Amino acid sequence: MTQPAYRIKDLEHRYNRHPVLSIEELLIQPASITGLIGPNGSGKTTFLKLLAFIESPTAGRIAYRGTPLQPFADVVCRDRITLLTQEQYLLKRSVADNIAYGLKIRGETAQLGDRIAQALSWVGLEAGTFLRRPWYELSGGEAQRVALAARLVLKPRVLLLDEPTANVDADSAWLIKDASLRARSQWGTTLVIASHDWHWLYEICDGVLHFFAGRVFQTRMMSFIAGPWDRVDGNRVVKRMADGQIIQAERPPQAGALALVASDTIRISRLPAEPSGDVNAVRGTLTRLLLEKSTGLLIVTVVAGRSTFTTKVERGKIEADQLVPGRQVAVLFDTAAVRWLA
């Protein structure tokens, strides 16, 4: 039986006693593409560092291909588990020397020039133009592509990408995406990608993990509702939004619990729609429609105040209700649908 690329169990990670990541159990299969979605500070970068074995978790276990590892273990180097960060960290050397660095450390110097030129071609940089170029003469997009080439030349078994296209131009972003997917198709590389580009992740990934406040949700899309919450009676609390709207929920189990709503319990409606009884109706702006290829459903994102709600809707309803980005809509969900994460 094939071992998962990663098996994570009872993981907890803290910085200066402050919890930043908590995962009960998670499997990542070899040669899969896993997307990481979540706001800044939700734990995505920490998760990638742990998968790269740059850091050890505070508690729990990360097993790589069935074996628990410590940071910078020999197998990490041998299997070329490599992380591309959002910021470009290049050596103060030429492009060729940057790409060759990892190969030279491993003593893999056979056909070095050809391998460097090939890696450059994968990221859309012409060897004759860029081989001798120093690091300081590269644009931001070129530097990120060189950094990716320095990892691809190793033929990594695991490639971890942290917002790889966040600070680059459109052409560089396309080339970075294409080169990353080439690694999976040619060598069976396992890809784990953190990105705010939902369109790309839902198009290419075998699975998407949703991060929020250091927690990971694997199976269901979740919408999170930030506090504060005011108690109104013995078993009811409300969130008062800046525009006067309110959201009702059952009383949380403890102070500081995080409110969330499973996206499959959310309905989208044309206005007008008013709250009634135990049904919340929140007005917001439809900001995004995204086709989920695996189901044919459209993923709908609505922003209301500081909260973002996401659900899936059939194409027929989108067309019938003329739901288009920029339109004011109502987000409907039952009071009992609000769950609490302690």
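Modeller: Let's start with a term: on a 1 Å grid over the protein atoms alone, a pocket is an open set of points where a 1.4 Å probe fits, with protein on both sides within 12 Å along at least five of seven lines, and lining residues have an atom within 4 Å of a point. This is a predicted model, with local features needing pLDDT of at least 70 and side-chain atom pairs pLDDT 80 or more, while totals for chains, interfaces and linings use all residues. Numbering runs from 1 along each chain as its sequence is written, and side-chain values use heavy atoms, leaving out hydrogens and water.

Colleague: Okay, which residues lie nearest the centre of the largest pocket?

Modeller: Ile81, Thr82, Leu83, Arg106 and Arg151, out of 24 lining residues. Helix H2 (74-78), strand S6 (81-84), helix H3 (95-105) and helix H6 (140-152) each give two or more residues to that lining. Helices (H or I, at least four residues) and strands (E, at least two) are DSSP runs, numbered from the N terminus.

Colleague: How many helices and strands are in the chain?

Modeller: There are 9 helices and 21 strands.

Colleague: And how do I read "buried"?

Modeller: Buried means under 20% relative accessible area, with a 1.4 Å probe and protein chains only.

Colleague: Why is helix H1 largely enclosed by the rest of the structure?

Modeller: Because 6 of the 8 residues in H1 (residues 44-51) are buried. They're Lys44, Thr46, Phe47, Leu48, Leu50 and Leu51. After H1 comes Phe53, with a positive phi near 55 degrees.

Definitions and conventions. Buried means under 20% relative accessible area, exposed over 50%, partly exposed in between (1.4 Å probe, protein chains only).
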